[in-house]
Amino acid sequence: MGISLKEVSYSYNPKRKGTKYALKNVSLEINERDEMIAIIGESGSGKSTLVSLFNALKIPTLGEANVMGITIKKIRKRKENYNSIRKHVGLVFQFSDYQLFEETVLNDVMFAPMNFGYKKEEAKEIAIKALNLVGIDESFYEKSPFQLSGGEKKIVSIAGILAMEPDILVFDEPTAGLDPETKKKMIELFRVLNRDLHKTVVFITHDMNIVMEYAKRVIVVADRTIKYDGTKEELFLNHLDIVKDAHIDYPDTFIISKMINEKLNKNINQLLESKEELLEELLKDE
Amino acid sequence: MNNFVLGQYVPGNSYLHKLDPRAKIISTIVLMVAIFFFKNVYAILVSLALIIILLLTARLSIIKAIKGLKPLLILSLFVFIFQLLFNRQGDIIYNTKLYFSLTSISAILLITIIYFISLKYLKLKFLWLLVYLSLIFISLKYLSFVELFNPFDLNIYKEGLNTSLFVFFRLITIVFISTLLTLTTKPTDLTLAIEWLFRPLKIFKINPEEIALIITIALRYIPTILDEAYKIMDAQAARGADFKNGSLIKRIKQLVSLLVPMFVISFERSDELADAMLSRNFVPGKPKTRYHILKWNYKDTVALVIVTLFLGGAICLYILP
């Protein structure tokens with residue numbers, strides 16, 4: 001179960017001669033529980049294409065994807081109905097404007113459960129649960145989604161996905177363009193989803209500090225394929241070439257501790273997850 | 001998404017490509033008018049042949065031009081059949097009895113069901129429609145067992161056949177002429193030409209530059225908006241929306257979830273675009289330097305003269321008995 005990709009390639013126009021693949025030969029396994037994965041890589045490397053394979057929005061041109069026991073394969077027949085996959089794998093898009101459309105916040109969050117056949121009352125209950133989870137209070141329920149600020153819209157759109165009660169949650173650049181406060185709230189939400197509700201959370205990000213602090217597993221996408229799949233420690237310490245080729249930054253704590261080690265001739269662990277830990281380490285040494 | 005080509009323009013270097021877009025637009029209009037002056041099918045066929053020769057000498061693919069006919073095929077087929085059945089002038093050239101019997105009606109039902117089911121898996125839908133119609137005709141003609149109504153007398157008259165062929169070919173010729181224009185002219189050049197042609201409207205305080213700007217921006221944003229539509233559909237599909245299956249009411253409901261974000265995003269975008277243009281010192285109606293300047297060549301004059309002669313000939317044919 002979970003998500004498994006076997007040598008998947010994807011092309012946006014497979015019929016054209018000499019077509020370029022947006023993804024080439026990608027193999028990947030993701031568990032349906034308890035994973036916290038960051039997908040990193042420069043813009044245009046294929047990250048967004050990769051995540052839309054996770055819930056069958058895109059069908060592999062070559063190879064085979066298996067999501068929650070259902071095989072997704074290119075076949076000649078008409079597009080099959082993959083709605084049951086989408087219930088298990090919730091994908092939150094980068095721009096929340098693409099998602100919101102109802103007159104009120106509450107109705108918009110109810111959209112997904114109603115698509116999956118829940119009655120109106122049940123859908124409302126589920127929606128309220130999701131809204132509570134993301135910390136949107138009752139005063140917002142009857143507001144129009146278009147009145148909200150960018151950050152609030154984003155959080156409502158996440159609630160809209162959580163209302164499907166998916167096992168795996170995938171976020172496409174969730175923190176882009178958010179103020180630090182909202183950003184923090186969002187990341188904390190990921191932590192709750194992962195640690196307390198045991199869901200698998202996958203997020204695309206360019207912020208290495210978030211990767212360092214929260215991710216357990218890191219997938220580097222570069223040059224249209226997966227270049228690295230493993231722990232962040234291993235990546236930052238032993239794979240300098242990949243970090244360089246994929247145009248990835250190092251996390252602040254990594255850079256600062258490296259500078260301290262060089263200038264002050266100390267030996268601090270470079271893989272501390274947060275600035276607080278770094279400070280503690282420094283004080284301990286004194 | 002990436003394979004979306006705006007308009008039908010095929011890059012090339014032929015004499016048709018090199019003509020001034022103004023000359024091409026005017027010629028297109030003149031030719032269309034000329035076609036409407038023709039009264040018999042032979043003149044239309046000759047002009048259709050001429051147009052095809054033009055297409056070939058400009059090294060354009062006929063297949064592409066035929067593909068341009070696609071949206072009109074059903075309409076022209078309908079016009080053809082309508083004329084054939086209801087025009088009752090001249091001699092009868094074909095006569096047959098059509099039977100509405102239990103067997104023929106059940107055969108038609110069966111054929112219809114097979115037709116609609118197979119439609120989903122087939123590519124040449126138009127050819128299949130022709131096969132379908134002829135199968136219906138055959139079953140009406142030959143399956144006469146257990147008659148329900150009196151047989152229907154199908155008469156095809158000479159004049160009816162003539163008119164239907166005439167209307168059919170006239171439609172095709174006109175579409176071919178406009179395809180000739182769109183295949184060889186860039187949308188941007190077309191807009192420039194339209195701007196030039198609308199200049200007389202300045203008398204009525206209408207600024208042709210603004211019209212051209214509106215067309216340019218609209219053309220520029222078609223692929224962007226399409227791309228957006230696909231993204232919105234994906235975002236809603238991720239929440240279990242289904243745009244293809246389900247009852248009509250359900251599908252209309254799903255469509256709302258596509259249209260509302262489209263409008264919101266488009267309005268926001270146009271606001272932003274206007275601000276961006278203003279902040280780069282754009283003032284509506286103020287004269288500005290141009291990137292492209294249209295150049296009128298002696299060849300354009302030659303083309304216009306030929307086309308005008310053609311129109312003259314058509315008018316002569318019309319007036320002369």
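**Close-up views of a two-chain predicted model**

**View 1. A:N265 sits in the loop between α10 (252–263) and α11 (275–285) of chain A.** Like everything shown here, this residue comes from a predicted model. The phi angle of A:N265 is near 55°, a positive value in a residue other than glycine. How many other C-beta atoms lie within 10 Å of A:N265? There are 7, so A:N265 is exposed.

**View 2. A:N25 belongs to strand β2 (residues 23–30) of chain A.** Here is another backbone angle to look at: A:N25 is not a glycine, yet its phi is positive, at about 50°. A:N25 counts as partly exposed because it has 15 C-beta neighbours inside 10 Å.

**View 3. Chain A has an open sheet of four strands in the order β2-β1-β4-β5, with antiparallel pairing.** Which strands stand at the edges? They are β2 and β5 (70–72) of chain A; each has a single partner strand, so one side of each is left without a neighbour in the sheet. From one strand to the next, the twist averages 15°.

**View 4. Strands β1 (residues 3–10) and β4 (residues 62–67) of chain A run antiparallel and are joined by five bridges.** To find your place in this pair, look for A:L5, which stands opposite A:A65 in β4(A). Helix α1 (residues 47–54) of chain A lies across β1, β2 and β4 of chain A. This helix runs at about 130° to β1(A).

**View 5. Helices α9(B) and α10(B) cross at roughly 135°, their axes coming within 10 Å.** The two helices are therefore oblique to each other, and α9(B) passes α10(B) in a right-handed crossing. On the α9(B) side, the contact is made by B:I225, B:E228, B:A229, B:I232, B:M233 and B:Q236. Facing them from α10(B) are B:S257, B:L258, B:P261, B:M262, B:I265 and B:S266. By class, the residues of this contact are eight nonpolar, three polar and one charged.

**View 6. Where the chains meet, 21 residues of chain B are in contact with 27 residues of chain A.** The helices of the previous view return here: α9 (208–237) and α10 (248–279) of chain B are the elements that give two or more residues to the side of chain B that touches chain A. Which of them gives the most? It is α10(B), with six residues. This side of chain B has eleven nonpolar, five polar and five charged residues.

Definitions and conventions: Residues are numbered from 1 along each chain as its sequence is written. Chains are lettered from A and ligands numbered from 1 in the order in which they are written. This is a predicted model: local features need pLDDT of at least 70, side-chain atom pairs count only at pLDDT 80 or more; totals for chains, interfaces and linings use all residues. Two residues are in contact if their C-beta atoms, placed from the backbone, lie within 7 Å. Ala, Val, Leu, Ile, Met, Phe, Trp, Tyr, Cys and Pro count as nonpolar, Asp, Glu, Lys and Arg as charged, and the others, Gly among them, as polar. Axes are lines fitted to C-alpha atoms, for helices over the stretch in contact, and angles run from 0 to 180 degrees between N-to-C directions. Angles under 35 degrees count as roughly parallel, over 145 as roughly antiparallel, 65 to 115 as roughly perpendicular and the rest as oblique. A crossing is left-handed if the near helix is turned anticlockwise from the far one by less than a right angle, and right-handed if clockwise. A residue is buried if 20 or more other C-beta atoms lie within 10 Å of its own, exposed if 12 or fewer, and partly exposed in between; C-beta atoms are placed from the backbone. Two strands pair if DSSP finds at least two bridges between them.
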